[in-house]
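Take a first look at the chain and its fold.

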Amino acid sequence: MPKAFLYIILFLAPVWANAQTTQPDMTVFGYKLGEPLHVPECSCEIKAYLGGTRFNKKEYYEYTYPPLSAVDCFERGDLNKYDPKKTKSLPEVTNGFIDIYFAKNKIPAICPVISFTAGILDSKLIGITFKIRSDEANSDLEQLKQKYGNDVSIKRYQLQNGFGATRNCFSATWTFPALTVTLLSADGTTYTSPYGTVTIAIPQKNDNNNQNDRKL
């Protein structure tokens with residue numbers, strides 16, 4: 001859900017006509033959107049394990065990340081595709097999504113998990129999405145208002161389980177010329193989901209050169 005939702009905000013969301021004119025704070029967790037992302041990769045270790053059949057055992061090797069480090073660091077989602085025997089150094093990540101893990105004892109109170117997802121384009125940070133606790137969504141909304149202002153669009157809706165019980169939810173959106181901030185009090189359509197999502201991103205124009213889109 002988080003990466004898919006971030007993708008929608010980054011590449012499919014238009015620049016709304018009614019965008020706020022004030023310049024918002026572009027810094028999130030100490031990282032500034034629109035600028036090169038400088039964060040080290042979490043230290044990789046090489047793990048050996050046995051595979052193969054019962055009578056033909058074979059030793060394999062793979063990269064793996066250790067537990068939390070003393071500094072913020074990122075993990076790539078496709079680490080398992082690199083073979084330590086063939087890849088002596090991992091390539092730089094310049095586009096796509098990475099998960100940035102907070103340093104020990106430096107996890108923000110608004111983020112109940114130990115990481116957030118970062119969207120990268122040409123080595124620049126263009127979006128951040130992170131989990132929040134659904135039961136703290138209202139207080140998180142007030143915290144975001146302090147940062148981005150009271151000019152926020154709030155839409156309320158309900159989730160329902162198979163027994164007919166309903167759950168009140170909401171989405172909140174701040175729209176600026178160069179930034180979109182969205183809070184979902186509950187992820188997806190799961191009635192029992194304990195988490196919501198906050199996405200803070202720079203909308204990217206959809207460069208579609210399809211001839212069917214040409215003006216008359």
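Which two residues form a disulfide, with sulfur atoms 2.1 Å apart? They are Cys42 and Cys73. A disulfide here is a pair of cysteine sulfur atoms within 2.5 Å. By that rule the count comes to 1 disulfide.

A word on the model comes next. The model is predicted, so local features need pLDDT of at least 70 and side-chain atom pairs count only at pLDDT 80 or more, while totals for chains, interfaces and linings use all residues. Residues are numbered from 1 along each chain as its sequence is written, and side-chain values use heavy atoms, with hydrogens and water left out.

Back to the link. The angle about the S-S bond is 85°, and the link of Cys42 and Cys73 is right-handed. The pair links distant parts of the chain, 31 residues apart. Cys42 sits in the loop between strand 2 (31-32) and strand 3 (45-52), and Cys73 belongs to strand 5 (residues 73-76). Strands (E, at least two residues) and helices (H or I, at least four) are DSSP runs, numbered from the N terminus.

Are these two cysteines buried or exposed? Buried means under 20% relative accessible area, exposed means over 50%, and partly exposed lies in between (1.4 Å probe, protein chains only). Cys42 is buried because its relative accessibility is 7%. Cys73 is buried too, with a relative accessible area of 5%. Cys44 is in no disulfide. Its nearest cysteine sulfur, that of Cys42, is 8.0 Å away. Cys44 is partly exposed, at 31%.

Now turn to strand 10 (residues 166-176). Strand 10 is mostly covered: 9 of its 11 residues are buried. Strand 10 also has partners; two strands pair if DSSP finds at least two bridges between them. Strand 9 (residues 153-160) runs antiparallel to strand 10, joined by 8 bridges. Here Gln158 has Asn168 of strand 10 as its bridge partner. The two strands form a hairpin with 5 residues between them. Gly164, in that turn, has a positive phi of about 90°.

Strand 11 (residues 179-184) is another partner. It runs antiparallel to strand 10, with 6 bridges. Trp174 stands opposite Val181 in strand 11. A hairpin of 2 residues joins strand 10 to strand 11.

Look at Leu33 in detail. Contact means heavy atoms within 4.5 Å. Leaving aside neighbours within four places in sequence, Leu33 is in contact with residues including Met26, Leu125, Leu179 and Ile200.

Finally, consider the backbone. Most residues other than glycine have a negative phi. Phe29 has a positive phi, near 55°. Phe29 is found in the loop between strand 1 (27-28) and strand 2, and is partly exposed at 25%. Ser123 has a positive phi as well, near 70°. Ser123 lies in the loop between strand 7 and strand 8. At 23% relative accessibility, Ser123 counts as partly exposed.
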